[in-house]
Amino acid sequence: MPEPYEPPTDLDVVGAEPASAGEPLSAPEEPLDVTDQSPAVDPDPERHDAEAAASAPEPAAERGRPRAGRTAILAGIAGGLVGALVASGVYVATDDDPTASTAPTASAVVARPSDRIARTGDIAQILKSSVPAVVALVDDGGPDSGGAAGTGFVISSDGVIVTNRHVVEDADEIQAVFSDGTTRDAKVLGQNAASDLAVVKVDATGLPTIALGDSADVQVGDDVVAIGNALALSGGLSVTRGIVSGLHREVGTDSGSALEDVIQTDAAINPGNSGGPLVDAQGRVIGINTAIADPGSAQNVGFAIPISNARTIIDLLRTGKQPAYLGVSTVDASEAKLEGHDVSVDDGAYVTTVGSGTPAATAGIEVGDVVVAVDGKAVASAASLGGLIRQHLPDDKVELEVVRNGHETTVSATLDEAPSS
């Protein structure tokens with residue numbers, strides 16, 4: 001068995017598809033030490049933020065500033081920040097654009113009572129089943145050695161781990177540090193830049209796994225818990241509690257890409273949390289913590305990739321394949337209109353280029369077309385088109401509703417596998 005990782009002693013913290021998930025295995029015999037951070041007299045015991053440290057040996061990747069050359073989208077390794085937001089009326093100021101707008105609209109209609117954690121002590125029960133399957137990921141020696149640190153979670157007992165792509169991109173060496181202090185080398189099975197997802201694997205059997213939930217059932221107000229290697233602090237993984245603050249958000253990132261249909265939460269997410277699980281009141285993964293809004297302009301605004309959207313991609317990546325691919329470059333229809341293009345609709349994905357020999361070219365899609373629906377599902381933006389396509393498998397046939405010269409038409413495209421990222 002590999003030797004446990006021996007972290008450096010310096011304590012200078014720089015601020016920063018269906019895959020079979022398996023059932024969570026039995027938790028450690030000793031209960032985890034959950035420290036309640038609420039006031040001495042909690043005015044609302046059903047809703048407070050609790051921070052806890054899981055009782056475990058120190059994870060790898062202690063403190064430090066990540067390598068300067070690594071461009072992370074956000075909360076995970078490098079402390080990069082979300083660049084621009086959103087489809088639902090909320091805007092987050094960034095370093096480049098300090099303006100902020102007002103009045104977000106409600107993002108969901110409550111259709112059932114919120115999924116709540118009944119008592120603070122119930123968080124410890126969630127952690128007993130979840131924490132053994134959450135790992136600290138360290139690449140190229142961690143922040144103190146010019147590398148980086150993030151989080152992942154085990155989805156199969158033979159060592160398959162899900163994380164963010166920006167946690168492991170360009171890494172020469174990756175180590176997974178488990179809650180019992182064991183350190184194992186990890187290799188990348190697959191990664192996809194557009195979805196910011198990656199799957200890595202360690203050589204092991206019989207590992208505890210975490211159950212995957214259904215993010216399609218999540219609603220605003222549900223209690224959630226975020227688990228991860230926040231700030232690569234010594235002493236174990238960090239745990240924060242919050243609620244689902246919004247659904248179906250679209251966020252731009254400092255890498256220039258956009259994530260669509262993400263979950264917003266007020267559970268504290270910090271650099272080092274990227275790739276870690278956002279779990280529901282039953283301890284099931286409903287999101288992958290990925291991004292935060294600029295903390296200089298917003299408080300407790302974090303984002304997680306919905307697990308239901310990620311399953312198909314995860315299943316492909318773990319077999320070394322890439323998600324489905326249409327072969328177009330697009331911008332939001334509203335942006336194209338502002339740039340002076342003749343666009344007759346407000347929502348959709350305006351096609352700027354069509355790759356030669358791609359499924360889009362074969363289907364007859366042209367520059368200037370606006371894709372407004374995929375298999376009857378509305379396309380609100382360029383990012384949402386990419387998200388809808390990636391939920392399909394290569395070789396799937398899709399029906400695309402396209403507005404061309406003010407007239408709507410339907411074309412059929414057989415999707416291909418995306419080029420390796």
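Visitor: Take the aromatic rings: how many aromatic pairs does the count come to?

Guide: Keep in mind that this is a predicted model. The count of aromatic pairs comes to zero.

Strand E7 covers residues 183–192 and runs antiparallel to strand E8, residues 197–202, with six bridges joining the two. Within E8, Val200 is the residue standing opposite Val188. Strands of a sheet pair through backbone hydrogen bonds, in either a parallel or an antiparallel way. Step back and you get a closed barrel of six strands in the order E3-E4-E5-E8-E7-E6, paired antiparallel. On average, neighbouring strands of this sheet are turned by 40° against each other, direction ignored.

The largest cavity has a volume of about 130 Å³. Its lining takes in 14 residues, and Ser195, Glu260, Ile305, Asn309 and Ile313 lie nearest the centre. Strand E11 (258–265), strand E14 (302–306), helix H3 (307–317) and helix H6 (382–390) each supply at least two lining residues. By type, the lining of the largest cavity divides into eight nonpolar, four polar and two charged residues.

Conventions:
Residues are numbered from 1 along each chain as its sequence is written. This is a predicted model: local features need pLDDT of at least 70, side-chain atom pairs count only at pLDDT 80 or more; totals for chains, interfaces and linings use all residues. Side-chain values use heavy atoms; hydrogens and water are left out. Rings of Phe, Tyr and Trp (its six-membered ring) pair if their centres lie within 6.5 Å; planes under 30 degrees apart count as stacked, over 60 as edge-to-face and the rest as tilted. On a 1 Å grid over the protein atoms alone, a cavity is a set of points where a 1.4 Å probe fits but cannot get out, and a pocket is an open set with protein on both sides within 12 Å along at least five of seven lines; lining residues have an atom within 4 Å of a point. Grid points are joined across faces, edges and corners, and a volume is the space filled by probe spheres set on the points. Helices (H or I, at least four residues) and strands (E, at least two) are DSSP runs, numbered from the N terminus. Ala, Val, Leu, Ile, Met, Phe, Trp, Tyr, Cys and Pro count as nonpolar, Asp, Glu, Lys and Arg as charged, and the others, Gly among them, as polar. Two strands pair if DSSP finds at least two bridges between them. Axes are lines fitted to C-alpha atoms, for helices over the stretch in contact, and angles run from 0 to 180 degrees between N-to-C directions.
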